[in-house]
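The following note sets out numbered points on the model, for discussion among colleagues. It begins with the chain as a whole and then turns to individual strands and residues.

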Amino acid sequence: QVQLVESGGGLVQPGGSLRLSCATSGSIFTIYAMGWYRQAPGKQRELVATITSGGSTNYADSVKGRFTISSDATLNTVYLQMNSLKPEDTAVYYCNADLERPGGLYDYWGQGTQVTVSS
């Protein structure tokens, strides 16, 4: 079985920073890409940032210049450094992994971590 466990969410004032972490575990051959997504109340889940095994990154326009995605060498742990946070960044943040494990290629999600930006 494969698990993705997020941590680092919480309450922060506008302009503040938070760092999210996502750790994968289980029987995994290769992780091809990891990503962070978020879902605010009443809205659809949206992409925040992704990183590939080759190190390529991609960001939503709304977070460019404020958020940074990074990982360890094998993508087993991925981070999201969030700076200059705004109230509109409030959402549940989910970690996603595209990976190969016994049985084939799979897409996994974490349980989510709440980020609240409020004064």
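1. Burial and overall dimensions. Of the 119 residues in the protein chain, 41% are buried. The coordinates are those of a predicted model, and the points below should be read accordingly. The radius of gyration of the protein chain is 14 Å, which agrees with the value near 14 Å that a compact globule with 119 residues would have. The C-alpha trace spans about 45 × 25 × 20 Å along its principal axes.

2. Surface and contacts. The protein chain exposes about 6,100 Å², and 47% of this area is supplied by carbon and sulfur atoms. Among contacts with a separation of 6 or more, residues 24 or more positions apart account for 55%.

3. Secondary structure. The protein chain has 11 strands and zero helices. Read from the N terminus, the order of elements is therefore β-β-β-β-β-β-β-β-β-β-β.

4. Which strands form the open sheet, and in what order? Four strands take part, in the order 1-3-8-7, and their pairing is antiparallel. Strand 1 (2-7) and strand 7 stand at the edges with a single partner strand each, so that one side of each has no neighbour in the sheet. On average, and with direction ignored, neighbouring strands of this sheet are turned by 15° against each other.

5. Strand pairs within the sheet. The bridge partner of Thr 68 is Gln 81 in strand 8.

6. Thr 77. This residue is placed in strand 8. Its relative accessible area is 19%, and Thr 77 is buried because the limit for that class is under 20%. Leaving aside residues up to four places away in sequence, Thr 77 touches Cys 22, Ala 23, Ser 70, Ser 71 and Asp 72.

7. The hairpin of strand 7 and strand 8. Five residues lie between the strands of this hairpin, and Leu 75 takes a positive phi there. The phi of Leu 75 is near 65°, a positive value in a residue other than glycine. Leu 75 belongs to the loop between strand 7 and strand 8. Is Leu 75 buried or exposed? With 2% relative accessibility, Leu 75 counts as buried.

8. Ser 84. A further positive phi, of about 50°, occurs at Ser 84, which is not a glycine. Ser 84 lies in the loop between strand 8 and strand 9 (91-101). Its relative accessibility is 40%, so Ser 84 counts as partly exposed. Leu 75, by contrast, counts as buried.

9. The disulfide. How many disulfides does the count come to? The count comes to one disulfide. The disulfide is formed by Cys 22 and Cys 95, whose sulfur atoms are 2.1 Å apart. Because Cys 22 lies in strand 3 and Cys 95 in strand 9, the pair ties together parts that are 73 residues apart in sequence. The torsion about the S-S bond of Cys 22 and Cys 95 is about -85°, so the disulfide is left-handed. Both Cys 22 and Cys 95 are buried.

Notes:
Residues numbered from 1 in each chain as written. Predicted model: local features only at pLDDT ≥ 70, side-chain atom pairs only at ≥ 80, totals over all residues. Heavy atoms only, no water. Pairing = 2+ DSSP bridges. Helix = DSSP H or I, 4+ residues; strand = E, 2+ residues; numbered from the N terminus. Axes fitted to C-alpha atoms, helices over the stretch in contact; angles between N-to-C directions. Buried < 20%, exposed > 50% of the residue type's maximum accessible area, 1.4 Å probe, protein only. Disulfide = S-S within 2.5 Å. Rg over C-alpha atoms; globule rule 2.2 N^0.38 Å. Contact = heavy atoms within 4.5 Å. Areas by Shrake-Rupley, 256 points an atom, 1.4 Å probe, with all protein chains shown as cover.
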